Amino acid sequence: MPMRGSISLVVLIGVLCATLNGAWALDETKYPDWKGQWVRADSAEIAPLDFRKPWGLGQQPPLTPEYQAVFEANLKQLAAGVKASDPTARCIPAALPRVMMAIHLMEIVILPDTTYIMIETSSTLRRTFADGRAWPKEREPGYAGVSIGQWEDTDRGGRFDTLAVETRWIKGPHSCDDSGIPLHGDEQAPRDRLRRT
């Protein structure tokens with residue numbers, strides 16, 4: 001008797017999986033194939049580091065006077081050998097946006113309503129909802145934060161090529177890198193524009 005119940009359960013699970021598989025089918029003519037190597041797309045909103053300039057104040061990050069003072073204090077600490085501005089030096093997991101540097105393998109799985117970015121570094125899973133939902137009223141911060149995005153067809157070729165993402169509720173402290181450049185303390189990250197180049 002237990003054998004018949006087990007077989008029925010296996011058949012039921014198989015039917016449910018087949019049904020879900022059909023419900024989540026991705027229109028491959030509409031969404032991009034993002035297999036392969038990843039680099040960050042250029043953005044006018046984000047001032048990237050210029051490796052031709054000297055490290056530190058030579059980078060001239062676009063900071064308010066308040067955060068410029070924080071940056072200069074961080075640089076003094078770094079010069080003294082103290083990495084207080086770098087959370088990962090204190091064994092705190094890399095949060096957004098730093099975790100997206102993808103120094104290790106990164107895989108992107110695209111589903112119609114959600115895009116998953118699986119980053120080998122610290123086993124980070126970043127989930128971006130692209131189903132038109134509104135921001136929740138409250139949320140517990142996490143290292144990957146909460147991301148809501150929208151697919152865009154920027155070249156008007158009939159296929160999405162860019163995922164524009166905003167992330168909130170990032171658990172602090174967090175940093176862009178180990179340069180001492182501070183991020184705003186509002187548990188948000190710069191807006192991402194993910195695009196394969």
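**Chatting through the model**

Tutor: Let's start with aspartate 161, which lies in the loop between S4 and S5; helices (H or I, at least four residues) and strands (E, at least two) are DSSP runs, numbered from the N terminus. This is a predicted model, where local features need pLDDT of at least 70, side-chain atom pairs count only at pLDDT 80 or more, and totals for chains, interfaces and linings use all residues. Residues are numbered from 1 along each chain as its sequence is written, and side-chain values use heavy atoms, with hydrogens and water left out.

Student: Is aspartate 161 buried or exposed?
Tutor: Aspartate 161 is buried, because its relative accessibility is 15%. Buried means under 20% relative accessible area, exposed over 50%, and partly exposed in between (1.4 Å probe, protein chains only).

Student: And what does the side chain of aspartate 161 make a polar contact with?
Tutor: With the side chain of threonine 162, at 2.8 Å. A polar contact is a pair of N or O atoms within 3.5 Å; within protein, one must be able to donate a hydrogen and the other to accept it, and residues adjacent in sequence count only if both atoms are side-chain atoms.

Student: How many residues are in the largest nonpolar core?
Tutor: That core has 19 residues, and Trp34, Met100, Ile117 and Trp151 have the most contacts inside it. S1, strand S2 (114-119) and strand S5 (162-168) each supply at least two residues of this core, with the largest share, three residues, coming from S1. A nonpolar core is a set of buried Ala, Val, Leu, Ile, Met, Phe, Trp, Tyr and Cys residues joined through side-chain atoms within 4.5 Å.

Student: Changing topic: where is arginine 90?
Tutor: Arginine 90 is in the loop between helix H2 (65-79) and strand S1 (106-110). Arginine 90 counts as partly exposed because its relative accessibility is 41%. A polar atom of its side chain lies 2.5 Å from the backbone oxygen of alanine 84.

Student: What about the phi of arginine 156?
Tutor: Phi of arginine 156 is near 55 degrees, a positive value in a residue other than glycine. Arginine 156 is exposed, since its relative accessible area is 76%. Tryptophan 169 also has a positive phi, about 60 degrees, but tryptophan 169 counts as buried because its relative accessibility is 15%.

Student: Last one: which element has the lowest mean pLDDT?
Tutor: Helix H1 (residues 2-23) has the lowest, at 49, while S4 has the highest, at 92. pLDDT is the predictor's confidence in each residue, from 0 to 100. For the protein, the mean is 74, and 69% of residues reach 70 or more. Over residues 8-12, pLDDT stays under 50 and the model has zero contacts beyond four places in sequence.

Technical notes: Contact means heavy atoms within 4.5 Å.
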